[in-house]
Amino acid sequence: MGTTPAPTYGSLVRPPAQPGDAERAPRELMSGPGRSWDAEPRWRWVEIRIGGEWRPGQIERWRLHQGSTCWVAMVRWGPETLSWGWYLYSPDTIRQVPRPAGTPIGSAR
């Protein structure tokens, strides 16, 4: 019998956190007034540090809580839609990568 991590806010599947991983956004930045929009095509494709390794992913939304200077990104990684979460943006843990060849601008996949 294996052990499965318990589901957490924003993700059904997430490996255990390791030093240097992207930091999950605190709940207080996810509610209340602020700006939010769909990710621009130039910022859709990223690598995110999760479970001690870089994983390919895509940003689907950005959020800036009113009064905060911390941008939050909704990032999906892994198979299908099982792995996603809201993370504090940092260039040390979420980095832009070139759009995959043959993917039209504005394409979600």
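W77 is buried, with a relative accessible area of 3%; here buried means under 20% relative accessible area, exposed over 50%, and partly exposed in between, computed with a 1.4 Å probe on protein chains only. Y87 is likewise buried, at a relative accessible area of 1%. The model is a predicted one, in which local features need pLDDT of at least 70 and side-chain atom pairs count only at pLDDT 80 or more, whereas totals for chains, interfaces and linings use all residues. Residues are numbered from 1 along each chain as its sequence is written, and side-chain values use heavy atoms, with hydrogens and water left out.

Both residues belong to the largest nonpolar core, which has 12 members: A22, A39, V46, I48, I50, I59, W62, A73, V75, W77, Y87 and I94. Such a core is a set of buried Ala, Val, Leu, Ile, Met, Phe, Trp, Tyr and Cys residues joined through side-chain atoms within 4.5 Å. Strands β2, β3 and β4 each supply at least two residues of this core. A second, separate core of 7 residues includes M30, V72, M74 and W86. In soluble globular proteins, nonpolar side chains tend to be buried together.

The strands themselves are DSSP runs (E, at least two residues; helices are H or I, at least four), numbered from the N terminus. Two strands are taken to pair if DSSP finds at least two bridges between them. Strand β3 (residues 53-65) pairs with strand β1 (residues 34-38) in the antiparallel sense over 5 bridges, and R35 stands opposite L64 of β3. Strand β2 (residues 45-50) also runs antiparallel to β3, joined to it by 6 bridges; within this pairing, I48 stands opposite R55. The hairpin of β2 and β3 has 2 residues between the strands, and G51 takes a positive phi near 60° there.

Strand β4 (residues 71-77) pairs with β3 in the antiparallel sense over 7 bridges, with M74 of β4 as the bridge partner of R61. These two strands form a hairpin with 5 residues between them, and G67 in the turn has a positive phi of about 90°. Strand β2 has a further antiparallel partner in β6, over 3 bridges. In a regular strand the side chains alternate between the two faces of the sheet.

Which side chains form salt bridges across these strands? A search of the whole structure finds 3 salt bridges, each defined as a side-chain nitrogen of Lys or Arg within 4 Å of a carboxyl oxygen of Asp or Glu. In one of them, the side chains of R95 and E47 meet at 2.7 Å, N to O. R95 lies in strand β6 (residues 94-96) and E47 in strand β2, so the pair ties together parts that are 48 residues apart in sequence. R95 is partly exposed, at a relative accessible area of 34%, and E47 is partly exposed at 25%. R95 additionally lies over the face of W54, at 3.7 Å from the ring centre; the criterion is NZ of Lys or CZ of Arg within 6 Å of the ring centre and within 35 degrees of the ring normal.

Another salt bridge joins the side chains of R76 and E60 at 2.9 Å, N to O. Because R76 lies in strand β4 and E60 in strand β3, the pair ties together parts that are 16 residues apart in sequence. R76 counts as buried at 17% relative accessibility, whereas E60 counts as partly exposed at 22%. The side chains of E53 and R55 also meet in a salt bridge, at 3.9 Å, N to O.

The aromatic residues complete the picture. The structure holds 4 aromatic pairs; rings of Phe, Tyr and Trp (its six-membered ring) pair if their centres lie within 6.5 Å, and planes under 30 degrees apart count as stacked, over 60 as edge-to-face and the rest as tilted. W62 and Y89 form an edge-to-face pair, at 5.8 Å centre to centre with 70° between the planes. This pair links distant parts of the chain, with W62 in strand β3 and Y89 in the loop between β5 (84-88) and β6, 27 residues apart. W62 counts as buried at 10% relative accessibility, while Y89 is partly exposed at 29%. W77 and Y87 form an edge-to-face pair too, at 6.0 Å centre to centre with 65° between the planes. Ring pairs also link W37, W62, W71 and Y89 into a cluster.
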